[in-house]
Structures are given as C-alpha cells and as structure tokens.
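Terms are given with their cut-offs where they come up.

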Amino acid sequence: MNNTGLQGLDLSRPAFAMQGLTKVFGSGPSRVEALRGVDLTVPAAELVVLLGPSGSGKSTLLNILGGLDSATSGSLFYFNQDLGGMDESELTQYRRQHIGFVFQFYNLMPSLTALENVQLVTEIAENPMDAAEALAMVGLENRQDHFPAQLSGGEQQRVAIARAIAKRPRVLFCDEPTGALDSKTGRTVLNVLQEVNRELGTTIFIVTHAASTAAMAHRVIHFADGRISKEVENQHVLSAAEIDW
Amino acid sequence: MLASLDQKLLRDLWRVRGQALAIAVVMAFGVMLMVMMDGLINSLSETKRSYYERYRLAQVFAPVKRAPKHLLQQIAHWPDVTAVEGRISGGALINLPEETIPIRAQAVSLPDYRAPRLNDIYLAEGRRLDPTHKNEILLLEGFANARGIQPGDYLTATLNGARRSFHVVGLAQAPEFLYTPAPGEIVPDDKRFAVFWMSEDALAAALDMDGAFNEVLLTQPLGVNSAHLLYQLDQLLMSYGALGAYTLDDHLSNRFISEEIQQLENSNRVVPPVFMGVAAFLLYIVISRMVQSEREQIGLLKAFGYTGWEISLHYLKFVLLIAIFGALLGCVLGVLGGRGLSGVYQLYYKFPFLLFRLDPATVISSVLVSIVVACAGAAWVVRRVFALTPAQAMRPPTPTDFSTGLRFGQGLLAKFDQPTRMVLRTLNRHPLKTMMSIGGIALGMALSAGMLNVLTAFDRTLAFSFEQVDRSDLNVNFVEPLGPDSLYYLARLPGVLAAEGVRDVPAIFHFGRERYRGVVTALAPAPQLFRSLDKHGQPIALPQQGIVLSKALAGQLKVQNGDTLLVDIRQGRRPKLPIQVAAIAETMTGAPAYMDLKALNRLMFEPGRVSGAHLRIDMHHAQTLYAKLKDMPAIASVNLKNHSRQAMEKMMDEGAGATRYVMMIIAAVITFGIVYNSARIAFAERARDLASLRVMGLTKSEAAFVLLGELGIITLLAIPVGCAFGYGLSALISAGFSNDLYQVPVTVVPTAYGSAAVAVLLAALGSGYLIKRDLDRLDLVGALKTRE
Ligand SMILES: Nc1ncnc2c1ncn2[C@@H]1O[C@H](COP(=O)(O)OP(=O)(O)OP(=O)(O)O)[C@@H](O)[C@H]1O
Ligand SMILES: [Mg+2]
C-alpha cells in the first residue's frame, strides 16, 4: 500500500501536538464554533480520557485527530507529520494504516460474521494481527462465525474493538464506546481497551460521560465550550476492574 | 393541521428529488401515451366516421366487368338496400413531361347532372365538373400537390390505350381514397399514384361502357348483415363478369385506416398499463424504504398521539405529489405528442381535416389512474405504518440477520475477499428484493429489446421482399393476359437483360363459411426474378398440382394442409376450381397464394398466358426502354422497383419510423429510471456501512465496490432475463400487429437484444456514476452519527 505521506515517522516526538486548533461549522446565523483554540500535546502509548458536557466539542476534536474531518485553523501534528496539510487520499491512508475507531453504535457490517468483520480490516492493513487472535483478545474466540444480529450489544462492541485493533493501529479513538452498554458490560469493554493499551502500546483516546472512567487514564482532559478547561496527568492509574461506577 | 409534517414532506421530497423525478417521468410517459393514443384513436375514428358519413361512402362494393344500367333499378328494389349507385372506374396512365415512366392512375366517373348518391367527393380546390366540357377532370389532391399541378393545368392520360388531354378544374379528396397505395403496394406514394374523376358520359365513351357500369355501390340500413346481399349481388352480376362483391370492411383504404386504429387501441390497452405498473413498483420501493428507515420516527409520532391515518396520509401525500406532477406533465406531453403524430398521420391518411381532439374525460381519467396507481403502490407500505407500535419502533435497531437464508458453500465464499462477500450475502439475504430489482431492470430492457426486435424484423422483411423475393428492376402489367410471344417480344427490347412472366389472377377463395378476395400468383418453375420464398428465404417449391397458401391466408380461411378449396377465378372463363392445398408456407408480406404457371393455365384452359412480366434491365438503356414501353398499348403499367422501395423507406424513416424513436427514448428513460432507483435505494440503505468502511480506511473506490458491485451483479443478471422478457414481448407484439396485409415476424434479431443490453449497461454506468459522485461526497461523521 502506498503511504508516501506518512513515511519516516519520527517516533521520538509526541503522538499528537496541536496549537490553537479551531473548528467552525456553518456560517452566518447558523455559525457554530465547535472548537475555540485547543492546545494539547499527547505522548505516544498514553490512554487519554476526554470528559465534558454535551456539545463541548469532544467528538469534533476526535474526528479531526482521526482524519475524518479537518480543522478550520491551527496546527496539528501526528508525530512529525502535518495532519492539517494532508489531502483526502493521504487521510485515507492515514486512517488505513495508523488509526482505529470505535463508536457508540458499533457500526459492524451486518452481512459479515464477527471474524469476517475483522478480516475486512486485516485484508487491507500492512502489518495486521491474525483476525482470530484479535477476537481472542476481546474474549470472543468462540463467537467467530456469528453474525452481528446474533451478538449482544457488548459483544458487538468488542467485535468493533477487535476490528479496530487488528491492524495494530498506533492510535485508537473511542467515542463513547460504553454509551449504549450497561455498567458490567461497559467495564468489560474498558478492560479490553486498557489491555490493548498495555500490551500493544496503542495510544488510546476515550470520550465518555462516565467521570469515573478518568481513574484508568494516564491523562484526563476536561472540555468546556470548545476549549480545554482542565488537564490532569494521573500519577496512579487504576485498572478498569477497580473503577467505581 | 400537520404543518410540521408537511414541512418534513417537502424536505423528504427534496432529498429524494432525483428518484422522485425519475418516477414522475416514468408515470408521465405512461400518461402521455394514454392521452396521446386515446386522443388519436378518438380523433381518427371520429374524423373517419364523419368523413364517411358526410360524403356518403358506400358499405358494399361490387365490381363487375360490364353490366347494363337497368340492373341498378332492380337492385334498388331489393329489401334492405337504402341507396344504390352505379359507376364506371378504370385503370389509366398519366403521362407527365418530366416522367419517362407513365404514372398509374384510377379514373372514376361522376354522374353528369346530379351529385353522386354514394361516394361523393370533397372538393378541396377549384370547381366541380361542367358536364358540357367532356375533357374536364378533378384530380386527387395529394397527387396534384406532390406534382405541383393546379386547377387550370392540362395533363395527358392514356385511357383504354388512347391518349387524351384533360383539363384539371379542381382538386378533390374522397373517403374511399383515404389511403392510396399504388396497386400491389402497401405504402402510399403521392407522386406515383393518382385518382381522377370525370364525367360519366366521357368515361363511358372512353371505356366502351355506354349504357353500362362496372361497379355497384350500395348502402344498407344499420345493423343488417350483408352476407346475403353479397351473395345476391354475385348471383345477379355473375353473367356480367362479377369480380366478387365486398363490404367496406374489405375495402383496402378503409382496411388500412381501421387496422391503424385497431393497433392504436391494442397498444393503448397494453403499453400505458406497463408504464403505470413500473411507476407503481418504483413508488412502492421508495416508500417502503422510507417507512422502513423512519420506523422510529413513526413510532415517536404515534407516541405523541398521531393516529395511523394521519401518519399514513403523510406518506400518501408524498406519493400523490409525485403522481399528480407526473400526470400533469404527461398530459402536456400527450397533447404535444398527439398534435405531432396527427400531422404524421395526415401525410399518409388523406383526411380533409384531422384535428387532434382530446376528450376531457381522458385527461381526468389519466390523472385518476395515476393517483390510483400511486396509491396502490403506497397502500402496501402504509399497512406497515398501522402495524408499527410505538414500543416496537423505539427499540434499538438490530442489525439485519444474515445468519439465516441460503448458505453459500464455505469453499465458494473463501475465494472472495470481504467486500465481495458483503455483496454476495446482501444479494442472497434479500432474494425477493434482489429478484424484484432484477425483474424491474429486465422489464425495462424488455421494452427496448422487444420493440427494437419487432421494428428491425419488420425492416428486414421489407428489405427481404425487395432484395430476395423481387430481384427484378421493374415489372410491367398487361391490359389483358397475353400469350407467350409477349415475353419473347419484351426480352428482345433494347436494354432488357431478362424477362420472366407471371400470372396474377383475381380470385375468391371459399372454404366452408370463409371467403377471401385475393389473387392467385402463378409462377414459372424455378423463377429467378420474382420468387415465392418462405420466411427463411427458401424458395417454396410449387407442385404440379395444388396450391400453396401463405400462413396468413390459410389462417383467414381456416384451412389445413390437404384441404380442398374452392377457387372462384374472376377472369377469363371464370371457372370455379376445386384445388387442394399442397402446402402452407410462412411468408413475410401479404397473404399470397402460389401456383405453378402451367398448372393454373391448364385449369383455366388458357395455355401460355401471362398477365405481366418482371424484367431485369441494363440501366444505361433505361430511358429508351421506358419510352418504348410507354408507347405499347398492351402495357397497363410499368413499375420501377426502386420507387416502391424508396416510398417504403421514406415511411419507415418519417412516418411510423419517427414514432419508433420516441418509443426507444421512452424505453430508455424507463430503464434508466428503474436502474437509477435501485441504485439510489441501495445507496440509502447502505450509507452507514459505507461510511464505516471509509472510516476504517477503505478508499473511495473500495467502498464504492460494495455498492456498485451489487448494482453490477443485478444488472448483469437482469440482461439475460430481459432478453427472455423481450422475446416474449416481441412475440406478443407481432401476434397483435400481424394481419393479412403485412406480417410482423417473430425472428430473433440479435442486434436488438445487444442494443437493449448496451442501453441497460449505459443506464447502470450512468446511475453508478451519479451514485459514486454522492458516495465520494458522503459526510462520514454525519452518516455515523445517526443510528440507522
Ligand atoms: N456537522 C455539524 N454542523 C454544525 N454544527 C455541528 C456539527 N457537528 C457538531 N456541531 C456542533 O459543534 C458543537 C460540538 O459538537 P460535538 O459533537 O463535538 O460535541 P460533543 O462534545 O461530542 O457532545 P456530546 O457529548 O453530546 O457528544 C455542538 O454545538 C454541535 O452542535
Ligand atoms: Mg460526542
């Protein structure tokens, strides 16, 4: 696969470094300033949790970092690569080789089995793990041949995580991954994410409304009104199992 | 009342505007055809009826060789005869200075001091005949216009071998000459056939008919069966050389116009309903998709207290807006198309007036039909609105279950990558939907393929009759059948390369209760210039005994191979000959009956006679040859094959031909409408999956494959089905359009299917392109935000 735009990644730099990042939707009376100048640096291999009230811009930031959208102004670096300067196809390659996503609604392909959903990604990635191995990591080795309709919500979300991690992404973005799940299932999912972060060294961003999740993060970012209102580095990180819901 | 729902309605309509427009256009075409054909049928039959009535067209015609006038009184006293007229009519040749070949014409008498009781004329220009000037004529308007002849001009014509000069005092039309092909042809050519009317006395003098007539015209009270009258006439006129009485139904000009109206009625019964069906189908799919994707919203509305009726009304309104727009557009197109077509009709059917008149009831009924059709399409779906409960609708979406349904063999699937599996599983998961899509596209294709097939096959028939059947350059007809010397004489004329005699004998075929006025065509063994061929182009062997009938004629008479016909020969000694049917052959034009020349002459006790000849000539000497033929009194007419052919081709290109292009465009639009709709709906259903694929890093083309691959497979599967449907349709069309004047063959024309398939592929590519464009613009974040 061609990823000329992303060659010579300088891994000594922070995974993400942004300055004065803004995002404006629409114009005139319907103009919305979703991001009003975000300055943030995130070292590689960290687990970051984003908290904040609804509409504060968390998803917007995640989408921009993940290459689904572009910022209106400001600078944004992924290691030494200027994400702001990438065109459509470079962003596609960026997502393809480096990024994994997990959404609130699992977005699995209903016409593919669990295993096949994962293979969808391993077939196009450069250095993927075995699809079955990815499913095993999320504890679904026994459900490989089931279609999404035959899986519970939590299981579907775990397949989505397996699919996201199977290509060994450097970064994993999770927008409210537990939003549609009960607390017990949610904990299982968070546990999986934490393991991925530990074992694979994947940088993980988790957007959540459950403030207690912050305890398992290396870095907690509080959002308010399109800006970072508070940034905390946790000295002591709890495991997902220890979190108090 | 539902102001906010109406707002939603308009937004939804705008969102699916491409599809809505495609459906409205399909519907518009259905309505257009309905309005156009209904209006044409209405205009043609009304105009025909009033034209016939105003100019007192006869209902029964009885041609005879020469009968004394006093017979007319006798006939007038028969019961059930309301009017009788006797007249004289005869073949003539018009000699124009610019034409080396004399033009065939028919001279018809008009009574000298009164208006004709039957078969009056419509005087288009100039004045009527002055009986004191015996050289005055009225000329058929179409011919006069084509030749630039005006009242006041003089022209020379040969009548009964004598050349005379005539004074054209007026131009006329008549209901019996609505459609005027030259004898033996089926396409009129204004330039090459004329009718002129002249004083009865003068014509009688020219044709040796003093005190006599050679045609009886009759009318009967309404609703009286004419069979007995025909029999009586034949009996009465038998000894004077009756050629067989016939009714208006068998009158050639009337037959052509009636067949035309009949065919319009047939098409009107089949074609618009097909379009309406397609439109209903498309609406059903769109609405069904909308209700499916809006089930949560519906549940919500119900939870708020909206009734099932109110919500259903919302979707019905959506459908009605499309239907009414389509119907109105169709009415406008129908009127425009109808006006244009009635102009084309007037080129071939010489009505003094033909106004495209639209019955307001037609407009109202087509709008109503569209509405009913649209509602029928929506009704199935609306049931589901009622069935939905708020709770059901509010449950989180469960992904479609792909675990059930036909399992592909794992070995088979293992060969494919995941995107291909998605395509295959989707097609397989919804076999009914897949089949409906395939069926829809195949139907659209069948319309094009069937229509193209029939038209091309018809063209080929014509080419076939001009290239294979008739391989001569010109043919001549003699005034009376002549002996074999005539052929030697013709063959020795300068420029004649080969001459071949034929004998056409007018005859009435009887079998059981059936009766057909036709011609026996007798040919020499193994003819070269004019051959009897079957539909495969193989020469029909003419046996030493018996007659070979075309399938069309056999059908008319209801005879089987081996039956014995009574052939009532209407020439010479007029023998009534029992002749066995030796074979039935599938021919391509007309309803011919073939016999061996010697065999026929033997039966008629007229050895060696021929009624005309086909000639192959050296074009370098053509002009001198024409001049020679022109001066031979024994020759009734000379006909250049190329002229007939040109007339035929002109009609194919301008008249009936023009409508075929309209039909093709309509079929193409329908095909595109169906393909585009299927693609759009697949896109809408898959938007979220496609966005997910893009988020995972699949490129635009890779994501598009999942969608377009499905469209591609459906399209490819639809093509063979479309071919099969198309063949069925062309068989239906040819069955409906064939008669004893011409047959529409059911031969398979591969290019027709090829072109239709190409049209479908182009429609698929076009739709694919439009969808791909939208896919490239897909808002990834937006698509993923929604739940379903
Ligand atoms: N496509 C868009 N067009 C216009 N405005 C948008 C669009 N997407 C987001 N916004 C606006 O940007 C702001 C930030 O939205 P964002 O989705 O980032 O919030 P969020 O922090 O993720 O909220 P939540 O916790 O509810 O998911 C909101 O005011 C939202 O209305
Ligand atoms: Mg959000």
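1. Two strands pair if DSSP finds at least two bridges between them. Helices (H or I, at least four residues) and strands (E, at least two) are DSSP runs, numbered from the N terminus. In chain A, strand E9 (residues 219–224) and E10(A) run antiparallel and are joined by 6 bridges. Ile221(A) has Glu231(A) in E10(A) as its bridge partner.

2. On provenance: the model is predicted, local features need pLDDT of at least 70, side-chain atom pairs count only at pLDDT 80 or more, and totals for chains, interfaces and linings use all residues. Residues are numbered from 1 along each chain as its sequence is written, chains are lettered from A and ligands numbered from 1 in the order in which they are written, and side-chain values use heavy atoms, with hydrogens and water left out.

3. The chain A sheet is open and has 6 strands, ordered E6-E7-E8-E3-E9-E10, with mixed pairing. E6 and strand E10 (227–233) of chain A are at the edges with a single partner strand each, so one side of each has no neighbour in the sheet. From one strand to the next, the twist averages 15 degrees. (Axes are lines fitted to C-alpha atoms, for helices over the stretch in contact; angles run from 0 to 180 degrees between N-to-C directions.)

4. Helix H2 (residues 88–98) of chain A packs on this sheet, where it touches E6 and strand E7 (171–175), and its direction makes about 80 degrees with that of E6(A). Contact means heavy atoms within 4.5 Å. Helix H6 (residues 183–200) of chain A also packs on the sheet, touching strand E3 (47–51), E7 and strand E8 (203–207), at about 155 degrees to the direction of E8(A).

5. Chain B has an open sheet of 4 strands in the order E2-E10-E1-E11, with antiparallel pairing. Its edges are strand E2 (83–87) and strand E11 (246–247), each with a single partner strand, so one side of each is left without a neighbour in the sheet. Strand E1 (residues 60–68) of chain B is joined to E11(B) by 2 bridges; Val60(B) has Thr247(B) as its bridge partner there.

6. Which residues lie nearest the centre of the second largest cavity? They are Phe101(A), Arg163(A), Ser692(B), Val695(B) and Met696(B), out of 13 lining residues. A cavity is a set of points, on a 1 Å grid over the protein atoms alone, where a 1.4 Å probe fits but cannot get out; lining residues have an atom within 4 Å of a point. Strand E6 (99–102) and helix H5 (153–165) of chain A and helix H20 (656–695) of chain B each supply at least two lining residues.

Technical notes
1 Å grid on protein atoms, 1.4 Å probe; cavity = no way out; pocket = protein on both sides within 12 Å on 5 of 7 lines; lining within 4 Å.
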